[in-house]
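Let's take a walk through this protein together. Keep the sequence and the 3D view at hand as you read.

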Amino acid sequence: MNCYPGAKASDNRPRTAPARLKPLDFPHYQVQRDPKGVDNNAPDFYSLLVGLEKVISPKHVEALKISVSGEVELDHLVPSEYLPPMEWQQAPSSALDSPQPRQDSGKLNNGAPIPTHKDFYDRAKELLYHSDTAFDSLSGKGAGHSNATPSIRLLHSHKFYQHLLLLAEYWDTSKDAYTKSTSDDDADDDGKELYTGRRYGAPHEMPPEYREDTVCAFAELCIWPFRCNVQTPRSSITRKLVFRDRYVPIQGVTSAICRSATNRQKARRGVLEGPLMGIHCRNTTTFRREGQANGEGREEIMDLLFEVGAALLVAQKRAREGQEEVRPGKDCFWADGGMRRHLGEIGGGKQDRETNAWAKQLIAPVDDTMEGVEMEGGSGGGVHSEDKPNLFSSRKRKQRPGGAQQAYLDGKPPESAWENKVEYRMIGKEPGKRVDCVYLLSALNHHVSLVKVQVHDRYLASVTRGGGLEELQEPSSAGPGPGQQGWGDLK
């Protein structure tokens with residue numbers, strides 16, 4: 001029995017055919033900024049966001065005052081001195097002796113040694129394996145197997161190919177074969193289309209976790225030599241953009257890449273620094289309807305808004321360096337128990353009794369035994385809990401202390417939007433510059449792309465604290481300018 005994730009992908013028995021794949025679709029952004037500066041006549045994005053009109057249209061993109069560079073070469077996104085030499089694509093034994101990047105320092109800014117030629121080549125070599133060869137290695141097919149391939153060892157990319165195999169069960173069409181059923185047992189099945197191959201469903205049916213886990217495993221494979229880690233937020237509020245007085249959820253914000261703490265004691269406690277870049281995964285497979293041109297599709301516009309929102313979220317976290325969190329409700333009477341006193345809880349009057357009774361009904365704990373409690377239907381037709389099987393006998397569901405409902409009734413402020421064990425740092429930003437270069441690892445379909453977004457500090461302050469984007473008069477501060485590398489296929 002295969003005991004690795006995605007073991008069912010090796011099952012070649014005929015089965016019901018999944019939906020055929022449609023041609024791959026990608027968003028095409030066509031946004032250019034006026035070189036003379038900001039158009040003050042453009043609508044205010046905050047008014048569009050909180051207004052009654054919820055139809056997404058190009059004017060939402062216009063209100064953000066951004067420009068998109070489109071696909072560019074890698075050396076336009078990352079300075080060439082930080083890229084590995086071309087000679088590193090050869091094996092270390094036969095490669096020419098070439099200087100390592102930033103050889104003058106000898107170490108990274110976190111004290112770690114610069115990754116060597118061998119570190120790069122070993123990981124790049126495993127990523128270049130054919131997916132079938134890597135999947136056979138996961139399944140343990142030996143030399144005696146009929147479909148055996150040359151044996152390989154996945155030292156660094158084992159986790160990546162495990163998750164990639166799950167993703168391939170919805171995207172890989174290389175082994176698709178459709179046949180017609182000719183069964184004589186059931187006339188209804190005669191002529192039914194059967195399928196053999198790797199897929200078990202259509203791409204839109206794939207759980208989003210498959211893509212997220214694959215991309216995160218790919219990122220871990222690349223960043224491990226730099227002593228960096230993938231940090232996944234545990235709370236949903238940390239994935240929301242602070243837009244003046246509102247928390248705006250950003251779809252697809254999965255994780256962030258952070259640096260391990262330079263302090264040894266903090267590193268042992270799991271403290272991270274950063275973020276260095278964000279990871280943004282989306283599940284959209286269709287961006288335009290039939291007849292729509294590039295840049296006119298609703299899903300296309302939404303994807304651009306989420307992409308910019310994800311970059312601004314990373315920029316907000318990086319800008320928190322040296323700051324202290326100001327939580328909503330600080331120094332307010334309702335945040336320190338004053339709301340209960342205002343409602344008359346201490347007095348014990350009629351209003352207090354009614355409020356407490358309503359609260360007990362709303363947050364009453366659920367008892368698994370349910371002794372003496374009858375279901376709907378009265379004493380004659382009710383069903384007692386002891387007559388029903390307890391499917392969760394091994395788990396005792398208890399009231400979680402300090403839940404969101406109890407906090408709301410107590411008048412407490414919302415939970416913190418800052419992650420625990422993360423020290424926010426603007427790592428990589430040049431001192432004295434007002435523009436922060438934010439990087440995203442963007443994922444769509446089974447492809448990834450590197451995105452660079454330049455965010456001016458005045459633009460970020462306007463988004464976070466208000467003041468109106470129309471007040472930005474400098475052309476260099478008129479909003480982020482995303483630039484993107486071409487899409488790379490993970491398969």
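**A guided tour**

Let's start with Lys 59, which is partly exposed, with a relative accessible area of 29%. Here buried means under 20% relative accessible area, exposed means over 50%, and partly exposed is in between (1.4 Å probe, protein chains only). Before going on, note that this is a predicted model: local features need pLDDT of at least 70, side-chain atom pairs count only at pLDDT 80 or more, and totals for chains, interfaces and linings use all residues. Residues are numbered from 1 along each chain as its sequence is written, and side-chain values use heavy atoms, with hydrogens and water left out.

Back to Lys 59, which sits in helix 2 (residues 58–64). Helices (H or I, at least four residues) and strands (E, at least two) are DSSP runs, numbered from the N terminus. The C-alpha atom of Lys 59 is 9.0 Å from that of Leu 48, a residue 11 positions away along the chain.

Now for the whole protein. It has 14 helices and 14 strands, and of its 491 residues 39% are buried. The accessible surface comes to about 29000 Å², with 50% of that belonging to carbon and sulfur atoms; such areas come from the Shrake-Rupley method with a 1.4 Å probe, and for residues only the protein chains shown count as cover. Among contacts with a separation of 6 or more, 72% are between residues 24 or more positions apart, where contact means heavy atoms within 4.5 Å.

Next, have a look at some helices. Helix 4 (residues 117–127) has His 117, Tyr 121, Arg 123 and Glu 126 as its buried residues, and these pack against helix 6 and helix 7 (208–223). How do helix 5 and helix 6 pack? Helix 5 (residues 131–139) meets helix 6 (residues 158–171) at an angle of about 105 degrees, and their axes are 10 Å apart. That makes helix 5 roughly perpendicular to helix 6. For these values, axes are lines fitted to C-alpha atoms, for helices over the stretch in contact, and angles run from 0 to 180 degrees between N-to-C directions. Angles under 35 degrees count as roughly parallel, over 145 as roughly antiparallel, 65 to 115 as roughly perpendicular and the rest as oblique.

On the helix 5 side, the contact is made by Ala 134, Phe 135 and Leu 138, while helix 6 brings His 158, Tyr 161, Gln 162, Leu 164, Leu 165 and Ala 168. By class, the residues of this contact are 7 nonpolar, 2 polar and no charged. In this scheme Ala, Val, Leu, Ile, Met, Phe, Trp, Tyr, Cys and Pro count as nonpolar, Asp, Glu, Lys and Arg as charged, and the others, Gly among them, as polar.

Another helix pair is helix 9 (residues 298–318) and helix 14 (residues 457–465), whose axes come within 11 Å and cross at roughly 95 degrees. Helix 9 and helix 14 are therefore roughly perpendicular to each other. Leu 312, Ala 315 and Gln 316 of helix 9 touch Tyr 459, Leu 460, Val 463 and Thr 464 of helix 14. That contact has 5 nonpolar, 2 polar and no charged residues.

While you are at helix 9, find Glu 300, which belongs to this helix. Is Glu 300 buried or exposed? With 2% relative accessibility, Glu 300 counts as buried. Leaving aside neighbours within four places in sequence, its contacts include Phe 26, Pro 27, His 28 and Tyr 29.

In the order 1-4-3, 3 strands form an open sheet with antiparallel pairing; two strands pair if DSSP finds at least two bridges between them. Strand 1 (15–16) and strand 3 (177–180) are the edge strands, each pairing on one side only. Strand 3 is joined to strand 4 (residues 193–196) by 4 bridges, with Ala 177 partnering Thr 196 and Tyr 178 opposite Tyr 195. Strand 1 pairs with strand 4 over 2 bridges, and Thr 16 stands opposite Leu 194.

Finally, some backbone details. Strand 6 (residues 240–243) and strand 7 (residues 246–249) make an antiparallel pair over 4 bridges. Their hairpin has 2 residues between the strands, and Arg 244 there takes a positive phi near 60 degrees. Gly 274 and Pro 275 are joined by a cis peptide bond, with omega about 5 degrees, and Pro 275 lies in strand 9 (residues 272–281).
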